[in-house]
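Let us walk through this structure together, one piece at a time. Keep the sequence and the 3D view open beside you as you read.

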Amino acid sequence: MKSPPVTCAAGDTIAAAARVMDAREVDSIIVLDEAGQPEGIVTDRDLRARVLAAGRSPDEPVATVMTRPIVSVSPEAFVLEALLEMSRRDIHHLLVVEGGRPVAVVSSRELLALPARAPLELSRAIQTRESLDELVRLMPELTDATRRLVGEGLSGYEVGRIVSELNDLVIRRVLALVERDLRETEPAGPPVPFCWLVLGSEGRREQTLRTDQDNALVYEDPPSGLETWSRAYFAALAERVIDELLRLGYPRCPGGSMASNPRWCQPLAVWRGYFGEWIREPAPQNLLYSSIYFDFRPVAGAPELARALRDEI
């Protein structure tokens, strides 16, 4: 474990924080609020861009140039997860928090120096493909990367988590590309916010390399007059995404637990009704649905819809 993070108070001056960073030979400092809780972070890059380049006085409070809210991970997070979080947010430092207590700061430079970089390189490639055909041609590299991870001695649990992260990226990229294509006929985009859910073993991040598709789509209850449009748009989106995932090597679910099934592509109110029925009426079929659909996880779209379903349970 690294040394505890270097900290300063939000009321300290920029100059004082910079002197602490210089004395401790670190490139970041955690800014604490009055209760001693992490409130933000200041890095060397922040000092260059927000102080020197902006002509700020070094006597201003350091809180005026910190980045907030601070992004954190647990000590159990995988390197790939940490790097992906940095990539999504365009940041280069993460606070490691254990039991609510900050225990370290890690930088992208440190993580990139570690072995087993193949998943990181592949994750970048997935996120930069500009067409579905390009994504299809990339998929054999996912198999190769997984083989290398096994060869480097990672456990089945670790490999499963990494494969799930990569599969999540594939799904997000497919959704983005399909939505882009749909804008040719629906320039306004989705009529209401939606969330793509993965289920079962995929929802638990217990995936093997090529498991059956288990997914669903929940969308915000549409206002009066948009019901038909919403139903048609999300049906078309789900069908196209499922077809593309099939082309990428992800088999259809034999039981039809996919967003392309109209039963599993519904507004939030309908999903609330499903969950309530399954809980109140423990019939065999409802128990089967519960064992699949209660293990859901949001992958793309509006996560607040998934939170609403979790609250329903």
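Two strands are said to pair if DSSP finds at least two bridges between them. Helices (H or I, at least four residues) and strands (E, at least two) are themselves DSSP runs, numbered from the N terminus. What you see is a predicted model, in which local features need pLDDT of at least 70 and side-chain atom pairs count only at pLDDT 80 or more, while totals for chains, interfaces and linings use all residues. Residues are numbered from 1 along each chain as its sequence is written, and side-chain values use heavy atoms, with hydrogens and water left out.

How confident is the predictor? The score to look at is pLDDT, the predictor's confidence in each residue, from 0 to 100. The chain averages 87, and 95% of the residues score at least 70.

Now for strand pairing in practice. Strand E8 (residues 215–219) pairs with E9 in the parallel sense, over three bridges. In one of these strands you can find Tyr-219, whose bridge partner in E9 is Pro-267. Helix H10 (residues 268–280) packs on the sheet here, touching E8 and E9, and its direction makes about 100° with that of E9. Contact in this text means heavy atoms within 4.5 Å. Axes are lines fitted to C-alpha atoms, for helices over the stretch in contact, and angles run from 0 to 180 degrees between N-to-C directions.

Step back and you can see the sheet as a whole: it is open, with four strands in the order E9-E8-E7-E10 and mixed pairing. Its edge strands, each pairing on one side only, are E9 and strand E10 (297–301). From one strand to the next, the twist averages 30°. Helix H9 lies across strand E7 (194–198), E8 and E9, running at about 155° to E8.

For H10 and helix H12 (residues 303–312), the axes come within 10 Å and cross at roughly 25°. H10 is therefore roughly parallel to H12; angles under 35 degrees count as roughly parallel, over 145 as roughly antiparallel, 65 to 115 as roughly perpendicular and the rest as oblique. On the H10 side, Leu-268, Trp-271, Arg-272 and Phe-275 meet Leu-305, Ala-308, Leu-309 and Glu-312 in H12. By class, the contact of H10 with H12 has six nonpolar, no polar and two charged residues. Here Ala, Val, Leu, Ile, Met, Phe, Trp, Tyr, Cys and Pro count as nonpolar, Asp, Glu, Lys and Arg as charged, and the others, Gly among them, as polar.

H9 has a helix partner too. The axes of helix H6 (residues 132–151) and H9 (residues 227–247) come within 10 Å and cross at roughly 35°. Leu-132, Asp-133 and Val-136 of H6 make the contact with Arg-240, Glu-244 and Arg-247 of H9. In this contact of H6 with H9, two residues are nonpolar, none polar and four charged.

Let us turn to another sheet, an open one of three strands in the order E1-E2-E3, with mixed pairing. The edge strands are E1 (7–9) and E3 (38–43), each of which pairs on one side only. Strand E2 (residues 28–32) runs antiparallel to E3, joined by five bridges. Ser-28 stands opposite Thr-43 in E3, and Ile-29 stands opposite Val-42 in E3. Helix H1 (residues 14–24) packs on this sheet and touches E1, E2 and E3, with its direction at about 135° to that of E2. E2 and E3 form a hairpin with five residues between them, and Gly-36 in the turn has a positive phi of about 80°.

H1 also packs with helix H2 (residues 44–52), at an angle of about 150° and with the axes 11 Å apart. The two helices are therefore roughly antiparallel to each other. Their contact is made by Ile-14, Ala-18 and Met-21 of H1 and Asp-44, Leu-47 and Val-51 of H2.

Finally, visit two loops. Glu-25, in the loop between H1 and E2, has a phi near 55°, a positive value in a residue other than glycine. Pro-69 lies in the loop between H2 and strand E4 (72–73), and a cis peptide bond with omega of about -10° joins Arg-68 and Pro-69.
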